[in-house]
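Biologist: Before the terms are used, I would like to know what stands behind each of them. Please set the values against the cut-offs as we go.

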Amino acid sequence: MSQPDYNIFDAGDVVLQSGLTLRGTRLAYRTWGQLNEDRSNAILFMTPFGAHHTDIAWMIGPGRALDPTRYFIIVPNLFGNGLSSSPSNAVPPFDGSRWPNFTMTDNVRVQQRMLQEVFGIERLALACGWSMGGIQAYHWAALFPDRVERLAVLCGAARASPHNKVFIQGVRAALTADAHYQDGRFHGFPERGLRAMGRVYAGWALSQTFYRNQLWRAAGCSSAEDYVITHWEGNFLRRDPANLLAHLWTWEHADISANELYRGDFDAALAAITARALIMPGTTDLYFQVEDNRREVARLRSGMLLPITSDWGHRAGMPAFNLEDDGFINHALKELLAA
């Protein structure tokens, strides 16, 4: 068997916000570049929903904003993604229906331990991410304001909005409607549920204009149906369904103020962020609206709202097939790092 291209941080027994303890907690992470002598060039780039570090690694490279010849880039894998501790690799008694869900706060606190204990990193030059990666970055800046110099959120938010929660609940309903889901767990491979989930996602992740103008051709697809089957049904069919449910729970409960530091005071949590913040919503994103981010930036000490004018909906923030949005984001991140 080939060796994995990532490392494991053994976090030991982790007490979660729920009050449960996950024993033998493991955080998978990958690094690029070299940490400089004074440990001032560290960038934390976080994974989104249902993804591994390999899915976002294309944004790292020489000449790009996330340049491993200049920065030490760490990508921690979100708990529940199948590489870090997850339902798919859980052992009794926390397997099956007893997975102890991780909040975003639980995630970033273990990430902070990993950075300090493994690398001696006290302060980040940048915390960034797309979607759930951006939500994690927001949590980093609020929970550890003295450790984050710069913050970049691509199509993300400081908490899940009421409308965002409706979307999450709809995706969960599509997946768990499969006949293989019974008594809080899957008793077989839910192909129908995963394909249905992909269909739901395909309608939300891209804009109406994306489909009207057949922008799926940029992804090498021959029709809208080809695009949905290949990029959405296919994406979720290769994931573990229990892991996807764990990520939906983490996303739905995301809120930078849902902890003992801020006790639900959302404005106070935003005001505590000292990082130079670049908040980049997509103008046609159906998950995280520009207006939500506008209200957040108004409460930040040093925040800039820079919408991505794009027809690619939520995918504008991770533009693997979209050179225009990729160039816009890359330029903005370079300017942030140079500031």
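Modeller: Helices and strands here are DSSP runs, a helix having at least four residues and a strand at least two, numbered from the N terminus. The model itself is predicted.

Biologist: Which elements each supply at least two residues of the lining of the second largest pocket?

Modeller: They are α4 (162-176), β8 (185-186) and α8 (241-252). The greatest share comes from α8, with four residues.

Biologist: What makes a residue part of a lining, and which residues lie nearest the centre of the second largest pocket?

Modeller: A lining residue has an atom within 4 Å of a point of the pocket. For the second largest pocket 19 residues line the space, and Gly 96, Ser 97, Gly 184, Ala 242 and Leu 245 lie nearest the centre. The volume of this pocket is about 420 Å³. By class, its lining has eight nonpolar, six polar and five charged residues.

Biologist: How much space lies in the largest pocket, and which residues are closest to its centre?

Modeller: The largest pocket holds about 530 Å³. Its lining has 27 residues, and Trp 130, His 231, Trp 232, Asn 235 and Arg 315 are the closest to the centre. Two or more lining residues come from each of α1 (53-56), α5 (191-205) and α7 (224-237). Of these, α7 gives the most, with seven residues. The lining divides into 16 nonpolar, seven polar and four charged residues.

Biologist: Why is Ala 219 called buried?

Modeller: Buried means under 20% relative accessible area. Ala 219 has 13%, so Ala 219 counts as buried. Its place is in the loop between α6 (208-212) and α7. Leaving aside neighbours within four places in sequence, Ala 219 is in contact with Tyr 227, His 231 and Phe 321.

Biologist: What is the relative accessibility of Asn 293, and what does Asn 293 touch?

Modeller: At 0%, Asn 293 is under the 20% cut-off and therefore counts as buried. Asn 293 lies in helix α10 (residues 290-297). Not counting residues up to four places away in sequence, Asn 293 touches Gly 156, Ala 157, Ile 279, Pro 281 and Leu 305.

Biologist: Ser 131 and Asp 183 have a positive phi, although neither is a glycine. Is Ser 131 buried or exposed, and is Asp 183 buried or exposed?

Modeller: Ser 131, with phi of about 60°, has a relative accessible area of 4% and is therefore buried. Ser 131 is found in the loop between β5 (126-130) and α3 (132-143). Asp 183, with phi of about 55°, is at 73%; exposed means over 50%, so Asp 183 counts as exposed. Asp 183 is in the loop between β7 (181-182) and β8.

Biologist: Which residues does a cis peptide bond join?

Modeller: The cis bond is between Pro 92 and Pro 93, with omega at about 5°. Pro 93 is in the loop between β4 (72-76) and α2 (104-119).

Biologist: How do you know that the buried residues of α4 are on the same side of the helix?

Modeller: The buried residues of α4 are Asn 164, Phe 167, Ile 168, Val 171, Ala 174 and Leu 175. They cover an arc of only 125° around the axis, so they are on the same side of α4. An α-helix has 3.6 residues a turn, so residues three or four places apart point the same way. On the other side of α4, Pro 162 and Val 166 are exposed. The buried residues pack against β8, α5 and α8.

Biologist: What makes the span of α11 close to the expected one?

Modeller: The expectation is 1.5 Å times one less than the number of residues. Helix α11 (residues 323-338) has 16 residues, for which 22 Å is expected, and reaches 22 Å from its first C-alpha to its last.

Biologist: Why are the buried residues of α11 said to line one face?

Modeller: Among them are Asp 325, Ile 329, Leu 333 and Leu 336. Seen down the axis, the buried residues of α11 fall within an arc of 165°, and therefore they line one face of the helix. Their packing partners are β3 (42-46), β5, β6 (150-154) and β9 (276-280). The face turned away from the buried side carries Leu 323, Glu 324 and Ala 338, which are exposed.

Technical notes
Residues are numbered from 1 along each chain as its sequence is written. This is a predicted model: local features need pLDDT of at least 70, side-chain atom pairs count only at pLDDT 80 or more; totals for chains, interfaces and linings use all residues. Side-chain values use heavy atoms; hydrogens and water are left out. On a 1 Å grid over the protein atoms alone, a cavity is a set of points where a 1.4 Å probe fits but cannot get out, and a pocket is an open set with protein on both sides within 12 Å along at least five of seven lines; lining residues have an atom within 4 Å of a point. Grid points are joined across faces, edges and corners, and a volume is the space filled by probe spheres set on the points. Ala, Val, Leu, Ile, Met, Phe, Trp, Tyr, Cys and Pro count as nonpolar, Asp, Glu, Lys and Arg as charged, and the others, Gly among them, as polar. Buried means under 20% relative accessible area, exposed over 50%, partly exposed in between (1.4 Å probe, protein chains only). The arc is that of the directions from the helix axis to the C-beta atoms. Contact means heavy atoms within 4.5 Å.
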